[in-house]
Amino acid sequence: MKNDKLKNQYRINEQIRVREVRIVGDDGSTVVNTRDALSMARDQGVDLVEISPNANPPVCRLIDYSKFLYQQKKRQKEMKAKQVKVEVKEIRFGPQTDEHDYQFKLKHAREFLEEGNKVRAYVFFRGRSILFKEQGEVLLLRFANDLEEVGKVEGMPSLEGKKMFLYLAPKKAGEKKKSQQARDREAAEAEAKEAKKAQQAESKETEMPANGGLFANAKISADALKKLQDNE
């Protein structure tokens with residue numbers, strides 16, 4: 001069905017009934033009588049395919065029609081593959097979610113955002129748990145902070161009925177911001193690296209006198225030997 005739709009999109013050969021057409025190719029373009037264009041197509045064993053009917057005159061190509069349809073189908077697939085379909089993924093919390101459950105849901109939310117999807121996180125207040133709405137807000141704000149490296153907040157937590165919502169959108173490639181945890185970790189790693197370098201430098205300094213003494217003794221011995229040879 002899709003192939004039929006693509007076939008009907010273009011006129012070919014005798015279906016082209018205008019007086020003249022513009023033929024385009026690797027060498028440029030030229031305007032010719034449609035009859036002459038059809039003769040050129042037959043001589044080359046290809047088809048006259050109208051690719052731009054609204055131009056004046058219409059633009060055509062001399063190409064095998066089956067090959068042309070294949071190229072068009074391939075181009076459509078490539079364009080479709082480049083189109084990112086954004087989905088909204090839901091993450092549900094309770095007002096007193098434990099740490100293990102929180103980390104589990106945080107991991108999934110990070111994966112959703114890295115895949116280019118949006119995240120709608122919410123805290124569901126069942127019965128009298130609505131009394132803990134402040135606790136739910138704190139949880140959602142922590143959630144947003146832990147995901148700031150890959151997601152940006154589209155709105156502060158808002159209560160709608162028995163649910164408090166928070167919306168996160170994925171950050172673009174050059175837009176990533178490191179979380180406080182990541183910054184602290186990198187700072188600690190840099191500090192440890194500097195400490196290690198300082199320790200290695202100190203170790204080398206303690207070794208230098210011994211090595212310096214050996215080189216000095218060797219130089220003295222060489223000078224003494226030279227003097228003996230000169231005296232001889």
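Helices (H or I, at least four residues) and strands (E, at least two) are DSSP runs, numbered from the N terminus. This is a predicted model, in which local features need pLDDT of at least 70, side-chain atom pairs count only at pLDDT 80 or more, and totals for chains, interfaces and linings use all residues. Residues are numbered from 1 along each chain as its sequence is written, and side-chain values use heavy atoms, with hydrogens and water left out.

**The whole chain**

- The protein chain holds six helices and eight strands.
- Read from the N terminus, its elements follow the order α-β-β-α-β-β-α-β-α-β-α-β-β-α.
- The chain has 232 residues, and 27% of them are buried. Buried means under 20% relative accessible area, exposed means over 50%, and partly exposed lies in between (1.4 Å probe, protein chains only).
- A contact means heavy atoms within 4.5 Å. Among contacts with a separation of 6 or more, 59% are between residues 24 or more positions apart.
- The accessible surface is about 17,200 Å², and carbon and sulfur atoms supply 50% of it. Such areas come from the Shrake-Rupley method with a 1.4 Å probe; for residues, only the protein chains shown count as cover.

**Helix 4**

- Helix 4 spans residues 99–114, which makes 16 residues. From first C-alpha to last it reaches 22 Å, close to the 22 Å expected at 1.5 Å a residue. The expected span is 1.5 Å times one less than the number of residues.
- Tyr102, Lys105, Leu106, Ala109, Phe112 and Leu113 are buried in helix 4. They sit on the same side of the helix because they cover an arc of only 120° around the axis. The arc is that of the directions from the helix axis to the C-beta atoms.
- An α-helix has 3.6 residues a turn, so residues three or four places apart point the same way.
- The face turned away from the buried side carries the exposed residues His100, Lys107 and Glu114.
- Cover for the buried residues of helix 4 includes strand 5 (88–93), strand 6 (118–124) and helix 5 (133–146). It also includes strand 7 (151–160) and strand 8 (163–170).

**The ends of helix 4**

- Asp98 caps the N-terminal end: one of its side-chain oxygens lies 3.2 Å from the backbone nitrogen of His100. A polar contact is a pair of N or O atoms within 3.5 Å; within protein, one must be able to donate a hydrogen and the other to accept it, and residues adjacent in sequence count only if both atoms are side-chain atoms.
- Gly116, just after the helix, takes a positive phi of about 95°.
- Asn117 lies in the loop between helix 4 and strand 6. Asn117 counts as buried because its relative accessibility is 7%. Its side chain reaches the backbone nitrogen of Glu87 at 3.2 Å.

**Two hairpins**

- Strands pair if DSSP finds at least two bridges between them.
- Strand 1 (residues 20–25) and strand 2 (residues 28–33) run antiparallel, joined by six bridges. They form a hairpin with two residues between them.
- Strand 7 and strand 8 are also antiparallel, with seven bridges. Gly155 has Tyr167 in strand 8 as its bridge partner. In the turn of this hairpin, Gly161 has a positive phi of about 70°.

**Two loop details**

- Asn13 is found in the loop between helix 1 (2–7) and strand 1. Its phi is positive, about 50°, although Asn13 is not a glycine. Asn13 is buried, at 16% relative accessible area.
- Pro57 is placed in the loop between strand 3 (47–52) and strand 4 (59–63). The peptide bond from Asn56 to Pro57 is cis, with omega near -5°.
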